[in-house]
Amino acid sequence: MVHEVHDLAPGLWIWRLSYPEWHERAGWPEVVTSTCVESGGEVAVLDALAPPAGSEVWARLDAAAPTMAVVLKPDHVRDVDLIVRRYGARAFGPWLFERQNIPETELEPIEPGSVLPGGFVALYDGRGRNETPLWLPEQRTLVFADALTGAEGELRIWDTPHIARARPALRELLELPFERVIVAHGEPVHDRAAFERALELPTWTD
């Protein structure tokens, strides 16, 4: 199992784990990324996948307990229920879930334009899949579930039948003063220039 922790900026770190149910026909890389961010007195975990017992991740989370657990996309429920049970965190996420992937926790719904505690802002990605990327103003960072991927080491838009809507929607995000992009699949961290290139590159197809 791949198990990595990376500090990116004050109050911002990620952990990467092999997804337990991954298989070669999954259509995305085996290793996935989860994010932890502190802002405005809140500690939020985004698309959290629980690490093994005894992991450095648990030690970090226990030391600064999450007050929020956020699901960015309906099929990224992952371990939101475990985080809520362990820390008593408030849970936020889509208002609609896939039938086979419904959390036990009742999540407070978010949609593009929602401002969460801590000042995190839900964004519009144009793909019509109920994903809400987050803008982390204090860390000048965008966090995506599946709108973009670093699956082959280079940031690309994940192919979608809604690409005619997605490119303009993602281009509008350039109005935000972000310096960093985090994605769930593939190489996890990219700079603003990589995002700008991704808007012009062919989409990534699994």
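Trainee: What is the order of the strands in the open sheet of five strands?
Mentor: The order is β8-β9-β10-β13-β14, and the pairing is mixed. Two strands pair if DSSP finds at least two bridges between them. Helices (H or I, at least four residues) and strands (E, at least two) are DSSP runs, numbered from the N terminus. Please note that this is a predicted model, in which local features need pLDDT of at least 70, side-chain atom pairs count only at pLDDT 80 or more, and totals for chains, interfaces and linings use all residues. Residues are numbered from 1 along each chain as its sequence is written, and side-chain values use heavy atoms, with hydrogens and water left out.

Trainee: Which strands stand at the edges?
Mentor: Those are β8 (121-122) and β14 (189-191). Each has a single partner strand, so one side of each is left without a neighbour in the sheet.

Trainee: And how many bridges join β9 to β10?
Mentor: Three bridges join β9 (residues 134-136) to β10 (residues 141-143), and the two strands run antiparallel. Within this pair, Trp135 has Leu142 in β10 as its bridge partner.

Trainee: In which sense do β5 and β6 pair?
Mentor: β5 (residues 68-70) and β6 (residues 90-93) pair in the parallel sense, over three bridges. Val70 has Phe92 in β6 as its bridge partner.

Trainee: New topic: which residues of α3 are buried?
Mentor: In α3 (residues 163-172), Ala166, Ala169 and Leu170 are buried. Buried means under 20% relative accessible area, exposed over 50%, and partly exposed in between (1.4 Å probe, protein chains only).

Trainee: What covers the buried residues of α3?
Mentor: The cover includes β11 (148-149), β12 (156-157) and α4 (192-198). The face turned away from the buried side carries the exposed residues Ala164 and Glu172.

Trainee: Lastly, where is Asp47?
Mentor: Asp47 is in the loop between β4 (42-46) and α1 (56-63). Asp47 is buried yet has no salt bridge, and the nearest side chain of opposite charge, Arg78, is 5.0 Å away. A salt bridge is a side-chain nitrogen of Lys or Arg within 4 Å of a carboxyl oxygen of Asp or Glu. For charge, Lys and Arg count as positive and Asp and Glu as negative, while His and the chain ends are not counted.

Key: Contact means heavy atoms within 4.5 Å.
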